[in-house]
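Dear colleague,

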Amino acid sequence: MTLGADWLDLKDRVAVVTGAGGGIGAAVASELARNGVRIAALDINEDGALATAEHLKKAGTDAIGFRVDIADESSVREAAETVAARYGPADILINNAGVMRSGDLSELSLSDWQFVLDVNLTGYLLCARTFGEAMRESGRGSIVHVSSISAAHPQASSGAYSPSKAAVSMLSRTLAFEWGPFGVRSNVVAPGMTRTPLTESFYEQPGVLEARAAVVPLRRVGAPQDLADVCTWLASDRSAYVTGQEIAVDGGFTQTLMSHVPRPGY
Ligand SMILES: NC(=O)c1ccc[n+]([C@@H]2O[C@H](COP(=O)([O-])OP(=O)(O)OC[C@H]3O[C@@H](n4cnc5c(N)ncnc54)[C@H](O)[C@@H]3O)[C@@H](O)[C@H]2O)c1
């Protein structure tokens, strides 16, 4: 094909985006839609899912939105049936819905630990398995898991968040290995500091935005669109030989470890 304005060549594909009711998920759904993808916007927040779908429909996209709890197997199964009835098998899954419960590991309640693992890890497996079934049958699919830079860099006082994201990295790599022979790819996008409803409370404090931007080589906090662009590329065949990989979308923040080392004279 000739690469041009439509170089991603995604028109009429079908994407399921979890956590599409706001933040990164809504931005990914919009970017995929801009590229001609039909969208199933899923979220535990029904109003959010409906609002995203409504917004996309107004912009001319074929979209549906409905409530799903990704940690509930029967809810995910029902969602897959709804999507299949409307669009046929999904080509793309953006595993994005995520939660956080703060707390030091010494005192975190087991229910908070379990809640985060249920959504951030088991929910990703349930969605991959349920929507991936048709992908394996059709011999085509791209799964993008939205993880975090905290998968590789411990985020203190955040309970099971870092462990859950670290496990998503291995989940993705294992899926890449197991499902590669069926034409299904699995990759991770790891956001750095990104301004969304999940993190908005940090930015309400005066000076936090500027202080965070100052420690990022690209000198700004990320926006949901930064993630949407990379997810859309990974969803497309322009990344057809990329699987089992992880891309940090963090403005270079994870490359700054050496800045903590005192180096007199430099
Ligand atoms: N914002 C950041 O700085 C940042 C950094 C690293 C990673 N992330 C990751 O990016 C992803 C998106 O985060 P965001 O910042 O857009 O957060 P967000 O809170 O704005 O969006 C997450 C969405 O997931 C939905 N959700 C939560 N539990 C669900 C469930 N059980 N089933 C279905 N939907 C559910 C929420 O209702 C919400 O709409 C998450 O996986 C998060 O861990 C975000």
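Which polar backbone atom is 3.1 Å from a nitrogen atom of the ligand? That atom belongs to I44; such a polar contact is a pair of N or O atoms within 3.5 Å, and within protein one must be able to donate a hydrogen and the other to accept it, while residues adjacent in sequence count only if both atoms are side-chain atoms.

This is a predicted model, in which local features need pLDDT of at least 70 and side-chain atom pairs count only at pLDDT 80 or more, whereas totals for chains, interfaces and linings use all residues. Residues are numbered from 1 along each chain as its sequence is written, and side-chain values use heavy atoms, with hydrogens and water left out.

An N or O atom of the I24 backbone lies 2.8 Å from a ligand oxygen, and one of the N96 backbone lies 2.7 Å from a ligand oxygen. On its own the ligand has 820 Å² of accessible area (Shrake-Rupley method, 1.4 Å probe), of which the protein covers 90%.

Around the ligand there are 27 residues (each with a heavy atom within 4 Å of it). The closest are I24, D43, N96, Y161 and T196. By class, this shell has 13 nonpolar, 11 polar and three charged residues; Ala, Val, Leu, Ile, Met, Phe, Trp, Tyr, Cys and Pro count as nonpolar, Asp, Glu, Lys and Arg as charged, and the others, Gly among them, as polar.

Yours sincerely
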